[in-house]
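Biologist: I have the file open and would like to go through the open spaces and the packing with you. Shall we start with the pockets?

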Amino acid sequence: MTKITPQPGIMDIALYQGGQSHVAGVEHVIKLSSNENPFGPSPKAIEAVRDSAATLHRYPNTDHASLRAAIGARHGLDPAQIICGVGSDEVLQFIAQAYAGPGDEVIYTEHGFSMYPIIARMAGAAPVMVAERDRKVDVDAILAAVTSQTRIVFVTNPGNPTSTMISNDELDRLAQGLPDTCLMVLDGAYAEFVDDFDGGASLVDAYENVIMTRTFSKVYGLGGMRVGWGYAHQSIIDVLNRVRQPFNLSLTALAAAEAAISDIEFLTFCQSENARLRVWLAEELDKIGVPSDPSCTNFILARFGDRAEAEACDDYLKTQGLIVRRVAGYNLPNALRITVGDEEACRRVVSAITAFKEGAA
Ligand SMILES: Cc1ncc(COP(=O)(O)O)c(C=O)c1O
């Protein structure tokens, strides 16, 4: 037997389960399991990727200055307070690695993104799950769970897979209630799907211990490129940059993200189609007895009578070439998370679930 053993806690890490993209025996599938943009990336991002091909022998820059400037200009933020990562996943990992370790606790919420406990354990810290209330983050429950060991609180707003959100006032109450030795991370992966929402940037400006993370994987349609970013007080960004590899983002990824964030026309189109279709999808499903909370994201959380019905519906949808996401692992066994696709995809989902409800399964 090998005497080489991993660090304590590493073997407790459950591997992340990504959204399924194939169904055995079904050729043409519509993937609605990973909250990807049904319209793909911006044409300008595609062009930037092509253009970058000629300079692939060059290392990328290490400071991401041009992308940070573009992000700063778009959101009215100081580029010096921005850090870019290989997806927002990497930024979340920098935060855990830099600020939590053995003996520390990291709070995440009951239906929160499944990477939080993973990255807490990667850092050697103990993840602590806090209950939500009616599929919404419960600020009082979080505050009650904070101990002298708590170093980080992760909150997704709007939430995945719940699609709900809490107000900036509630978040402000959370920030005020946390000890200043504890970081509050506002994961805004879906912030672009909410009108007039800054993702929590104003809270970062107000509190030195608040960090906001964002991604190019959702509304910008660049999940395959792996680009995310964080915005925090300068002193925190200085810390995070020390655990970031200098060449973490490829030349191609940097070019794609910069082109994508400058294409306002495409962004607006994706946002308005999503806003229109998520309401239509939710209303049509509600009519046939499948309710969901009003969605603030690019997916809906469709609720069924019980776990058996949700799983039977998922099985039926697969036979119809529609892949959605089971969320029992997020403590939501009677629900399915359905990404808002384009109009054709939404219509197919509604007619398949209608057929299922009418007994087609
Ligand atoms: C809530 C939330 N945070 C973070 C991420 C990570 O996104 P990425 O690493 O692609 O930026 C996701 C992806 O699904 C997410 O749903």
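Biologist: Which helices and which strand each supply at least two residues of the lining of the largest pocket?

Modeller: Those are helix H4 (115-122), helix H11 (307-319) and strand S11 (325-326), where helices (H or I, at least four residues) and strands (E, at least two) are DSSP runs numbered from the N terminus. Bear in mind that this is a predicted model, in which local features need pLDDT of at least 70, side-chain atom pairs count only at pLDDT 80 or more, and totals for chains, interfaces and linings use all residues. Residues are numbered from 1 along each chain as its sequence is written, and side-chain values use heavy atoms, with hydrogens and water left out.

Biologist: What volume does the largest pocket have, and which residues lie nearest its centre?

Modeller: Its volume is about 520 Å³, the space filled by probe spheres set on grid points that are joined across faces, edges and corners. Of the 28 lining residues, Gln17, Ser114, Arg325, Gly329 and Tyr330 lie nearest the centre. On a 1 Å grid over the protein atoms alone, a pocket is an open set of points with protein on both sides within 12 Å along at least five of seven lines, a cavity is a set where a 1.4 Å probe fits but cannot get out, and lining residues have an atom within 4 Å of a point.

Biologist: And where does the second largest pocket lie?

Modeller: The second largest pocket lies between domain 1 (10-40 + 265-357) and domain 2 (43-262), because both give residues to its lining; the domain bounds come from an automatic or database domain assignment. About 450 Å³ of space lies in this pocket, and the closest to its centre among its 25 lining residues are Tyr16, Ser34, Asp89, Phe113 and Lys218. Helix H3 gives the most to that lining, with three residues.

Biologist: Changing topic, how do the axes of H3 and H8 cross?

Modeller: The axes of H3 (residues 87-99) and H8 (residues 234-242) cross at roughly 90 degrees and come within 9 Å, the axes being lines fitted to C-alpha atoms over the stretch in contact, with angles from 0 to 180 degrees between N-to-C directions. That makes H3 roughly perpendicular to H8, a term for angles of 65 to 115 degrees.

Biologist: Which residues meet there?

Modeller: Phe94, Ile95, Ala98 and Tyr99 in H3 meet Ser235, Ile236, Val239 and Leu240 in H8, where contact means heavy atoms within 4.5 Å.

Terms used
Angles under 35 degrees count as roughly parallel, over 145 as roughly antiparallel, 65 to 115 as roughly perpendicular and the rest as oblique.
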